[in-house]
Amino acid sequence: MAEEAAVGCARPTGGPVGEENKNETPQSHEISKEEQSMIKVGQKAPDFIAPGYHKGAFVNVKLSDFLGKWVLLCFYPGDFTFV
Amino acid sequence: MSIDSMFVHKMWNDHELEHMVKGGVPYPMLSDAGGKVGTVYGVYDENAGVEARGRFIIDPDGVVQGYEVLTPPVGRNVNETFRQLQAFQLVRETKGAEATPSGWQPGKRTLKPGINLVGMVWKEWKTTDAFD
């Protein structure tokens, strides 16, 4: 499900992958505003890759690797707060 | 997933969460530094620089079946999340032949949508079923 990530000094980050990304052209201000609106139920979840920590290892996780399974994706304001 | 780095996730897991959950957090704690993923999902607050308490149920086809988003001061109800997950799984297993009405819990009666149900829901479902 997740490949182990190389650990460097930089703070790694991920981001969306796939078609949505191709819309990021400079003249598409309205498109990028639209991307900030809420996603819709019944539609594909935007794919992404994100680095993370899982059971003692740093990993890179891609949402689409979980196709075939149910996924609960939870966001929260920050570590050391409740979830 | 939060805007914290995976290094902070490790510290939080190793120094606090492991005291709450034996063996630590069993699922990946993901980092969205910069809020790029949160922006696409509509939960990133640019002004505060953090993400709201968003929870998305994604089915095996990668389709979003439901979500809930709360501002930071109020926590989620995990039981309700599991109830919805079980309901979506039942609907999927029956290929849509069964639906779960308001207040459904595992074991409670489902509805079978179709022409014979039109105008007859009152026989199958009582308002008291919405509670408890």
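Visitor: In which helix of chain B is the place of Met6(B)?

Guide: Met6(B) belongs to helix α1 of chain B, residues 6–20. Helices here are DSSP runs of H or I with at least four residues, strands are runs of E with at least two, and both are numbered from the N terminus. A word on the source: this is a predicted model, in which local features need pLDDT of at least 70 and side-chain atom pairs count only at pLDDT 80 or more, while totals for chains, interfaces and linings use all residues. Residues are numbered from 1 along each chain as its sequence is written, and chains are lettered from A and ligands numbered from 1 in the order in which they are written.

Visitor: Does one read Met6(B) as buried or exposed, and why?

Guide: Count the other C-beta atoms, placed from the backbone, within 10 Å: 20 or more means buried, 12 or fewer exposed, and anything in between partly exposed. Met6(B) is buried because it has 25 C-beta neighbours inside 10 Å.

Visitor: Beyond its neighbours within four places in sequence, which residues is Met6(B) in contact with?

Guide: A contact needs C-beta atoms, placed from the backbone, within 7 Å. On that basis Met6(B) meets Pro12(A), Pro51(A), Gly52(A), Tyr53(A) and Phe58(A), along with Ser31(B).

Visitor: How many residues of each chain are in contact across the two chains?

Guide: The contact joins 46 residues of chain A and 50 of chain B. On the chain A side, β2 (15–16), β3 (48–54), β4 (57–62) and β5 (71–74) each supply at least two residues, and β3(A) gives the most, with six. By class, that side has 27 nonpolar, 12 polar and seven charged residues. Here nonpolar covers Ala, Val, Leu, Ile, Met, Phe, Trp, Tyr, Cys and Pro, charged covers Asp, Glu, Lys and Arg, and the others, Gly among them, are polar.

Visitor: Which strand of chain B is joined to β5(A), and by how many bridges?

Guide: Strands pair when DSSP finds at least two bridges between them. Four bridges join β5(A) to β4 of chain B (residues 53–58), and the two run antiparallel. Within this pairing, Leu72(A) has Ile57(B) as its bridge partner.

Visitor: What pattern does chain A follow along its sequence?

Guide: The order is β-β-α-α-β-β-β, with two helices and five strands. Of its 83 residues, 20% count as buried.

Visitor: How does one check the reach of helix α3 of chain B?

Guide: The expected span is 1.5 Å times one less than the number of residues. With 16 residues (78–93), α3(B) reaches 22 Å from first C-alpha to last, close to the 22 Å expected. Just after α3(B), Lys95(B) takes a positive phi of about 55 degrees.
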